[in-house]
Amino acid sequence: MGTQKPQPRLNIDLVSDALLGRWKQERLEGREIAADPRFHTPQGTPMSEHRERVFEQLSGLVEKGAIQRAFPVALGGGHNHGGNIAAFHELVYADPSLQIKSGVQWGLFGGAILHLGTSYHHEKYLPDVISLKMPGAFAMTEIGHGSDVDKVATTATYDEATEEFVIHTPHRSAWKEFLGNAALHGQAAVVFAQLITKNVNHGVHAFYVPIRTPEGELLPGVGSEDDGVKGGLNGIDNGRLHFTNVRIPRTNLLNRYGDVAADGTYSSPIESPGRRFFTMIGTLVQGRVSLDGSAVNAMKAALAIAIPYGFERRQFSGPNGEETKLMDYGLHRRRLIPRLAETYAMAFASEQLLTLFDTVFSGKGDTPETREDLETLAAALKPLSTWAALDTLQEAREATGGAGFIAKNRLTGWRADLDIYATFEGDNNILLQLVGKRLLKDYAAQFKNADAATLAKAAVGQVGERMRRVGLRQVGQSIADLGQVSRSVDSLKDDQHALLADRVETMVAEVAQALNGVRKESPTVQNAEFNRQQVRLIEAARAHAELLQWEAFTEALDQITDPDTKQVLTWVRDLFGLGLIEKHLDWYLITGRLSGKRAQAVTAYVDRLIDRVTDHSLDLIAAFGLDNTLLRADIASGIESERQEETRAYIAEQKAAGTWPVHEKELRKRSGK
């Protein structure tokens, strides 16, 4: 009788290092702060107390030197942009309100001064911003325009006689809204407004505008309203700001990309107004990078609570009479294990995004091309990770039953706090549309110098290829598989990348051809066609982001040298990839990419992978490195296991003593009734 092949063992330390990535030290420093009770807020703290506690906690971050990393060395910083965001990601374990309020102060308010201002503004404002002597708001969003920053209605009109800008919000639709630090704590704001000089609008620029005295009194012409209780993040004083002819010195214009001379003459190093606008907005991409990694960390936390709990919690009697562990149920595994694979894929993709961000902002690879790549990658990954975080937190909550609904177990709190991640720093669907437009641009670039005959041939070729796939490819798959699931599975494992990439390429090509068909029509017709294609374009962008995540996971796998660890992580990667194919099986069947038999094999193998990965899931969770000082959830402390052991010990003791009552069902079984 042959011996059974030994199960591979995951090297937890090796995987943990891979997840911590390039900025391991900064992440661990961030976790040390997140574990410190000083930076925690008890669940259920009233909003007013929560706000004041979080503001005090910001001072604690300053004392610990936790926020200076990205600022210039000359100002006491470390010029460490990637490490700064990596450490920021970990604050989600402390309190998302603290995390986001620190992001408002040093990432948005301070970051705008750093990236849009010049040395004059750095020296004048940043020391007080860094020390928290000057708390500030980031006044970009308007209630009437949301993500459409280019159309904000607030104006900054230059007055040559006084050498001042006049900041004005002409109507309520132009009020700045949803601003952290606006309701209470902010003493200044970076205000985005249309720059008007000599009766010419030069587009949106950023201005440093004082709004309150140190005692908290609003300055003349500045109005503020409190947003009050929100669906989450109630430790942040979100509010509105509006300005009635507020005058500021000419030098308060953050003039890295556009300046106004004393006589009102406008100048810019970027001649194109459109490119100038997108360059300015692009410097603020760090918000999306920050949210992406924070969302992934929230997914880790949710699964680090729910999966171990599933191995401890028992429900309903099994064949042996003992209650069954939740993780022994196939449905429970289906609920959680694919999301574990998704979390790993998103974690590795997030590390790649952070690396590209650091390359650009450190100056090591700051070119127009890399900036465009960074903006596109951030716009692709942030939507998927923030949506996935909400999905994972909700599934973890349900998978832990009533215990997950108790606030002290944190799942409901994280779910509420992260809800807004799907729409701030760019609505997720709008961001994916930006990605889709980039894909269309890249697709068109392939045919930039092609003549009409070449284009026609390409179109015909694509139609022919599509017809071939619908017919012959399905037949070929059926013949190759010959009814054997193992052959289908082997082919699917090898074809993951091709199948995922093919879906992206085909969807983009179809949208591009539809839009190309009306390019000579009127703008009205073109716009109508774009609206008809919008849903398909956004779905193509989402498919593109999923492909990027699969590729990031695969590249991370290539760095793993331990064979056992590589085998387990390959199963996890395959579960993610084949899970995507299963999710979109309708597309693969309709377009003829997969035969019916091979489509059935997808689900069969996904189920097999779920079982394999479940066997290693506790080790995969352990590699996250999240102990209960970070999770701070009772059900993550092992308390359920203790309860179950206590129950079993009690029953065993009663049976041994002969005092355990016989159940009526047992009596009936004995009597044969």
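**Stop 1**

The model is predicted. Select residues 176-179, which are β4, and 222-226, which are β7. Together they form an open sheet of three strands in the order β4-β8-β7, and the pairing is antiparallel. β4 and β7 are the edge strands, and each pairs on one side only. Neighbouring strands here are turned by 25° against each other on average, direction ignored. Which residue of β8 is the bridge partner of Leu-179? Pick Gly-239 to see that partner.

**Stop 2: helix α3**

Select residues 47-63. This is α3, with 17 residues. From first C-alpha to last, α3 reaches 25 Å, close to the 24 Å expected at 1.5 Å a residue. Show the side chains next. The buried residues of α3 are His-50, Arg-51, Val-54, Gln-57, Leu-58, Gly-60, Leu-61 and Val-62. What covers them? Among the elements over these buried residues are α2, α5 (96-116), α6 (119-131) and β7. β7 is the edge strand from the previous stop. Step just past the end of α3 to Gly-65, where phi is positive, at about 65°.

**Stop 3: α4 against α9**

Select α4, residues 81-90, and α9, residues 330-361. The two helices pack at an angle of about 145°, and their axes are 8 Å apart. On the α4 side, show His-81, Gly-82, Ile-85, Ala-86 and His-89. On the α9 side, show Ser-350, Leu-354, Phe-357, Asp-358 and Phe-361. Colour by class: the contact has five nonpolar, four polar and one charged residues.

**Stop 4**

The Glu-90 side chain meets that of Arg-27 in a salt bridge, 3.7 Å from N to O. Are the two residues buried or exposed? Both Glu-90 and Arg-27 are buried.

**Stop 5: a bridge between two loops**

Select Arg-250 and Glu-163. Their side chains form a salt bridge at 4.0 Å, N to O. Arg-250 lies in the loop between β9 (246-249) and β10 (259-260), and Glu-163 in the loop between β2 (155-159) and β3 (164-168), so the pair links parts 87 residues apart in sequence. Arg-250 counts as partly exposed because its relative accessibility is 22%. Glu-163, at 37%, also counts as partly exposed.

**Stop 6: Asp-634 and Lys-408**

Jump to Asp-634. Its salt bridge partner is Lys-408, with the closest N and O atoms 3.0 Å apart. Asp-634 is in the loop between α21 (628-631) and α22 (639-657), and Lys-408 is in the loop between α11 (401-405) and α12 (411-418), so this pair ties together parts 226 residues apart in sequence. Asp-634 is partly exposed at 33% relative accessibility. Lys-408 is partly exposed too, with a relative accessible area of 47%.

**Stop 7: a network**

Finish with Arg-335, Arg-339, Asp-391, Glu-395 and Glu-398. Salt bridges link these residues in a network. How many salt bridges does the count come to? The count is 45.

How values were computed: Residues numbered from 1 in each chain as written. Predicted model: local features only at pLDDT ≥ 70, side-chain atom pairs only at ≥ 80, totals over all residues. Heavy atoms only, no water. Pairing = 2+ DSSP bridges. Helix = DSSP H or I, 4+ residues; strand = E, 2+ residues; numbered from the N terminus. Axes fitted to C-alpha atoms, helices over the stretch in contact; angles between N-to-C directions. Buried < 20%, exposed > 50% of the residue type's maximum accessible area, 1.4 Å probe, protein only. Expected span 1.5 Å × (residues − 1). Contact = heavy atoms within 4.5 Å. Nonpolar A, V, L, I, M, F, W, Y, C, P; charged D, E, K, R; others polar.
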